[in-house]
Amino acid sequence: MAIPPVPWWRDAVMYQVYLRSFRDGNGDGVGDLRGARSGLPYLAALGVDGLWLSPCFPSPQYDHGYDVADYCAIDPLFGDLDEFGRLVDDAHRLGLKVILDVVPNHCSTQHPWFQKALGSEPGSPARARFHFAHGRGESGELPPNNWRAMFGGPAWTRIQEPDGRPGQWYLHLFTPHQPDLAWRNPDVADHFDDVLRFWLDRGVDGFRIDVAVGLYKHPELPDSPEPDADEEARDAVNPLAWNRPEVHAVWRRWRALCDAYTASDGRERVLVGEVAVPTPADQALYLRPDELHQAFYFDLLHAPWDAGAFRLRIEAALRDIAATGAPVTWVLNNHDQQRSVTRYSRSRRLGEVPDLERGEARARAAALMMLALPGSVYLYQGEELGLPEVTDLPPHALTDPIATATGDPRRGRDGCRVPLPWSGPQAPFGFSGEECAGTWLPQPDWFAGYSVESRRRDGRSTWHVYRDALQLRCSLLPLRGPELRWLDGPPDSIVFARGDGFVCAVNFGDAPVAAPVPGEPVLSSTPGDEGKLAANSAAWWLVDRTPGPAPRPAPA
């Protein structure tokens, strides 16, 4: 019996295009929309369903576009609205969806609203769009509360009033260049309705929502009992500033707006949230049927290379998130995290040095496992090449505000954002034209061995594992349903079945183990001897009938 079609986003594999590092179309060393357009056939050949495009709005680029000065235009650094329209049209012709990154928690200090607020008086409507407050202390010289910014330092900056006096303070939970918007002010919600419509009218298929647990703060802005928690964790921890219950009304409003567009022409528009919360059950609250369609599940990304840790996180996601009726949205990499090849290169035994060959084998295995799970997947550019983190960028080249604010380059994110290598034996490796004076972050010489050209030429490379897995994922009927059941397997492994006849096994150990099912696998991340599952590898099998208990369907 034929399986009825499901909405595209429920099992889509999306590809994150970090625009300034994907491909450069004008030779200035910074990726742009023209370069991204030229890379669309590559994405189609890889086999993904669409792309998530990082912010390309006008911005002073203190946080590389996540400090927005105008939500309804394109930064000239990246192109213009016409070029954006051509990218969307070309993507759709290739069958690719386009998800645009939107940043509602904060804007740039260069945004016209904030500039107007600086020139206005305390208590004015212009300041009411942000979190301005009087300072503490005898003359207001101390911040209004003890909150710390996630990227380091106090979460408050004092301004100079129009008459030259030291004045109020404004709240910024990231950097001083990114003032937080006051979502209790109806002007803010109305403005973002207009922003969504602006881009939906230009053909985008949905939005990735930055800091979707943000927006609302405790109305009284009291001191936090753990003021350093956000800064130490580099995550949304402070319950007075994040994951407030009021934020769910925003997502219901945005869902209704997107659903209205979907109803008008039958083309589904989607909301995917960056929802960093303590547990999968907390994340499930954002995925109720009238809220977000998807939310990134970061627990797998943060899991150590250990069979029990991976299984525990997969079980929790399928139990708590799938229970809402939403798919789990799996990720192993993104523009904020160290690349998986480098994360997994570390030994589980004390004293052993990292091994990038082992890290790449584990990253391939984790990817093959992830692509076998029920739900949606988001890939980060370059992971299909097996790219490691660039860990030795010179200090003068670092641009990430986390490294700048903390003085610790190890905490920065530049290493996973180095421009992609496409072809050739030397920089810029096809990212820019040969006339390019240098890419915005320098590319190491060893990138030559990881270029798209070299990886596609090598039939045993990580690129081919991803491409083959994506093709099989689309064609195998057992991978279309929501069910998953666990099977017995060797020690230090996980084994699960999907549908009737598909088995995936992952060996987390450093030695081969017996394959859990007989026969030749249809795909292996690292081929092993007959009847064996290689060390740090995963494999897929198609069998006549998978053993074990009856499948447990995900709740409707």
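This is a predicted model: local features need pLDDT of at least 70, side-chain atom pairs count only at pLDDT 80 or more; totals for chains, interfaces and linings use all residues.

Modeller: Residues are numbered from 1 along each chain as its sequence is written, and side-chain values use heavy atoms, with hydrogens and water left out.

Colleague: Are helix 5 and helix 7 roughly parallel or roughly antiparallel?

Modeller: Helices (H or I, at least four residues) and strands (E, at least two) are DSSP runs, numbered from the N terminus. The axes of helix 5 (residues 186-200) and helix 7 (residues 247-265) come within 11 Å and cross at roughly 30°; axes are lines fitted to C-alpha atoms, for helices over the stretch in contact, and angles run from 0 to 180 degrees between N-to-C directions. Angles under 35 degrees count as roughly parallel, over 145 as roughly antiparallel, 65 to 115 as roughly perpendicular and the rest as oblique. Helix 5 and helix 7 are therefore roughly parallel.

Colleague: Which residues of helix 7 make the contact with helix 5?

Modeller: Contact means heavy atoms within 4.5 Å. Helix 5 contributes A189, D190, F192, D193, L196, R197 and L200, and the residues from helix 7 are R253, W254, L257, C258 and Y261.

Colleague: Is the pair of Y71 and F192 stacked or edge-to-face?

Modeller: Rings of Phe, Tyr and Trp (its six-membered ring) pair if their centres lie within 6.5 Å; planes under 30 degrees apart count as stacked, over 60 as edge-to-face and the rest as tilted. The centres of the Y71 and F192 rings are 4.9 Å apart and the planes are at 70°, so the pair is edge-to-face.

Colleague: How many residues lie between strand 5 and strand 6 in their hairpin?

Modeller: Two strands pair if DSSP finds at least two bridges between them. Strand 5 (residues 156-160) and strand 6 (residues 166-171) pair in the antiparallel sense over four bridges, with W156 opposite L171. G164 in the turn has a positive phi of about 95°, and the number of residues between the strands is five.

Colleague: Which strands stand at the edges of the sheet of five strands?

Modeller: That open sheet has the order 12-13-14-18-16, with antiparallel pairing. One side of each edge strand is left without a neighbour in the sheet, because each has a single partner strand; the two are strand 12 (485-487) and strand 16 (523-524).
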